[in-house]
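Subject: Structure for you to look over

Dear colleague,

I am passing on the structure we spoke about, and below it you will find my notes on what turned up when I went through it. Please read them alongside the model.

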Amino acid sequence: MKRKKYNIIFSVILIILLFVILYFAKLYLDDYKSRILNLCAIYTILGLSLNLINGFTGLFSLGHAGFMAIGAYTTALLTMPIPIKEQNFFMAPLISPLDKIVWPFLPSLILGGILAAFVAFLIGAPVLRLKGDYLAIATLGFSEIIRVIFTNTQRLTNGALGLKGIPNTTNLFWSFGIAVITLIVMILLINSSYGRAFKAIREDEIAAENMGINLFKHKILAFTIGAFFAGIGGGLLGNLIGAIDPLMFRFFLTYNILLIIVLGGMGSITGTVISAFIITISMEALRFLDESINLGFFTIRGIPGLRMVVFSVLLMMVILFFRNGLMGNKEITLDILANKLSKKPLTKGGVKR
Amino acid sequence: MNMLRTENITMKFGGVTAVKDFSLNIDKGEIVALIGPNGAGKTTVFNMITGVYKPTSGKIFLKDKDITGYRPDKITSFGIARTFQNIRLFKELSVLDNVLIANHLRIKSNFIEAIVRLPKYNREEREMHEKSIELIKRVGLLDVIHEKSSSLPYGKQRRLEIARALATNPSILLLDEPAAGMNPKETEDLTEFIKEIRDEFDLTIFMIEHHMQVVMGISDRIYVLDYGVTIAEGNPNEIQNNPKVIEAYLGVSEDA
Ligand SMILES: Nc1ncnc2c1ncn2[C@@H]1O[C@H](COP(=O)(O)OP(=O)(O)OP(=O)(O)O)[C@@H](O)[C@H]1O
Ligand SMILES: [Mg+2]
């Protein structure tokens, strides 16, 4: 198991390298660019968590925006300074004790994750008994219900007005730090006995159950862990943008994450990370499609939403022609990289077709 | 000692009675076969015993414990393992993973202990690996241990299913047409193999099989189903000479 030791050392070096790069990025990148990088990391967290549910366990869930909303509101409400809270809640005061407490960022994020996980656990009981399309519809419905609730709980969420002036606590260290932790947790989970049980459920529920796997327990486990990280991702997002409202958590948001995991490969961790970066960056790069383009002598009127048309077409192409996305369910591991670099023929630990 | 017993189990699907009043009695260490023409209700019997279907009426006992109506995973944990007529492997996963998964039901570490790789979990993982590799070696698949299970030829997939079932530590093994799709040589090997694992793993075996060569060769006793009704029960000799069976079953296979 010498290789394992090397892998750990190599991973640690990579992580240190990442943070050195982030340190300089933070120094030299302008706000706009660092915001996009932040988004890349946050979408990595969200993609990984949805892939755990959809890609690894094979549950077609579309409830991610709902879990993110829970995390985002929890974190925002806990981290906002009291005067800002008073400014926001001018229609009706914020319920106590939330109006008087201010928590540090980390515990707020974690509580946001825990609340999202708790709600996932509660709705999982009825919803996870459904299969395939029915599960998708039920989780989608749940996500919408969360939104409607948040629109109507004026004294808790400030209703449709949303929250403004959320402290911009999220920075590159937070977002990438948590993305790396999420990545490590996912790798360890997926390669554990529990991860194998998830994959067994994805492959064949009847066989899995007959091999002694408690379907419900494992489905709810994957669902809850996924929701936990979705909640944390939501919290990071809210405190990055600085303003949230119920409209932000429409199905559209889940759709973006779905796009990431479908493009990256359902059931591939590396695919999800790569695709989260590609999608987030191109989503920004293609922003001009939605806006007017001034060509000097005349302007092309932008069509708001055109960007999403491009992405929807892309999604359709992937589903029609590249069913497996970038990576299928394969991974780029350190072993494979090491083998590639030393140009040795692939050994047992390498890629297997 | 009594291993598996059913009391008048009946399965109705809407208006169709797939199995009617099936009563079974298997002692520890026996090899018992269930035969009958297509659609006789054999697989349905397996599905009732393993909890895939809840019998419309009747009771099932494992070592005198009433297991009627339990979930399949519970029943597996009680010590009943099975293979499937239409092979149901975890197709995208490796041979090793397929067998490892069947160890999961006995895991003691919870998921957090697994994620942080506590020594307790690492030990369990190592034990699972050793046991699985041993089983894979036993069924002769060591050379393809890292292959995707769906890439194996048919006969090897069947053996992998048996290895996977054994990994759950069963006291009784249910085999649904294990020789289906095998050539005569493979079939002969399989017959020997079933006897061997019975002795090695201290098993009781209940199998559905169409190959008369296999059935007559290794069964201690045979049950015959026709249209869901038990038309005969006895040792191979008695069954071979039972006119009802010849008419219902052997007659059919001669025509085919
Ligand atoms: N889930 C189900 N719903 C409705 N009918 C079913 C179901 N499962 C089995 N049946 C019916 O029950 C009868 C017995 O089927 P079963 O699969 O048990 O037969 P079998 O003896 O295993 O046949 P074969 O030799 O073809 O495997 C058949 O008529 C079948 O159509
Ligand atoms: Mg059958």
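For what follows on the interface, contact means heavy atoms within 4.5 Å. Please also keep in mind throughout that this is a predicted model.

**Interface of the two chains**

On that definition, the contact takes 36 residues from chain B and 29 residues from chain A. The two chains bury about 2800 Å² between them, and 62% of this area is on carbon and sulfur atoms. On the side of chain B, the residues B:His104, B:Phe111 and B:Ile115 supply 21% of the area that this chain buries against chain A, which is more than any other three residues. As for charged pairs, the rule finds 2 salt bridges across the interface of chain B and chain A. B:Arg88 forms a salt bridge with A:Asp204, and the closest N and O atoms of that pair are 2.8 Å apart.

**Magnesium site**

Which protein atoms are the donors of the magnesium ion (ligand 2)? They are OG1 of B:Thr43 and OE1 of B:Gln85, which lie 1.8 to 2.1 Å from the ion. The pair links distant parts of the chain, since B:Thr43 belongs to helix α1 (residues 42–49) of chain B, while B:Gln85, 42 residues apart from it, sits in the loop between β6 (80–82) and α3 (95–101) of chain B. B:Thr43 counts as partly exposed because its relative accessibility is 24%, and B:Gln85 is likewise partly exposed, with a relative accessible area of 28%.

**Salt bridges within the chains**

A search of the whole structure finds 23 salt bridges over all chains. In chain A, A:Arg202 forms a salt bridge with A:Glu203, with the closest N and O atoms 3.2 Å apart, and A:Arg202 itself counts as partly exposed at 22% relative accessibility. In chain B, the side chains of B:Asp73 and B:Arg71 meet in a salt bridge of 2.8 Å, N to O. Within this pair, B:Asp73 counts as buried because its relative accessibility is 5%, which falls under the 20% cut-off, whereas B:Arg71 is partly exposed, with a relative accessible area of 38%.

B:Asp189 and B:Lys185 also have side chains that meet in a salt bridge, here at 3.0 Å, N to O. Because B:Asp189 and B:Lys185 are 4 residues apart in helix α7 (residues 184–200) of chain B, they are separated by about one helical turn. B:Asp189 counts as partly exposed at 39% relative accessibility, while B:Lys185 is exposed, with a relative accessible area of 54%. Elsewhere, salt bridges that share partners join A:Lys131, A:Glu205 and A:Lys219 into one network.

**Nonpolar patch on chain A**

A nonpolar surface patch of about 930 Å² is made by A:Ile8, A:Val12, A:Ile16, A:Val20, A:Tyr23, A:Phe24, A:Leu27, A:Tyr28 and A:Phe173. Helix α1 (residues 2–28) of chain A gives the most to this patch, with 8 residues. A:Leu27 is found in that helix, α1 of chain A, and counts as exposed because its relative accessibility is 51%, just as the cut-off of over 50% requires.

**Other positions in chain A**

Is A:Thr272 buried or exposed? With a relative accessible area of 0%, A:Thr272 is buried; the residue lies in helix α13 (residues 269–285) of chain A. Not counting residues up to four places away in sequence, A:Thr272 touches A:Thr44, A:Gly47, A:Leu48, A:Asn51, A:Ile260, A:Ile261, A:Gly264 and A:Gly265. By contrast, A:Glu86, in helix α4 (residues 82–88) of chain A, counts as exposed at 58% relative accessibility. From C-alpha to C-alpha, A:Glu86 and A:Thr272 are 40 Å apart in space, and in sequence they are 186 residues apart.

A:Phe118 has its place in helix α5 (residues 105–127) of chain A and counts as partly exposed, at 47% relative accessibility. The C-alpha atoms of A:Phe118 and A:Ala227 are separated by 8.5 Å, although the two residues are 109 residues apart along the chain.

With best wishes

Terms used:
Residues numbered from 1 in each chain as written. Chains lettered and ligands numbered in written order. Predicted model: local features only at pLDDT ≥ 70, side-chain atom pairs only at ≥ 80, totals over all residues. Heavy atoms only, no water. Helix = DSSP H or I, 4+ residues; strand = E, 2+ residues; numbered from the N terminus. Buried < 20%, exposed > 50% of the residue type's maximum accessible area, 1.4 Å probe, protein only. Patch = residues over 30% accessible without salt bridge, like charges linked within 9 Å, V, L, I, M, F, W, Y side chains within 5 Å. Areas by Shrake-Rupley, 256 points an atom, 1.4 Å probe, with all protein chains shown as cover. Salt bridge = Lys/Arg side-chain N within 4 Å of Asp/Glu carboxyl O. Donors = N, O, S within 2.8 Å, 3.2 Å for Na, K, Ca; no water. Buried area = accessible area lost by both parts, 1.4 Å probe.
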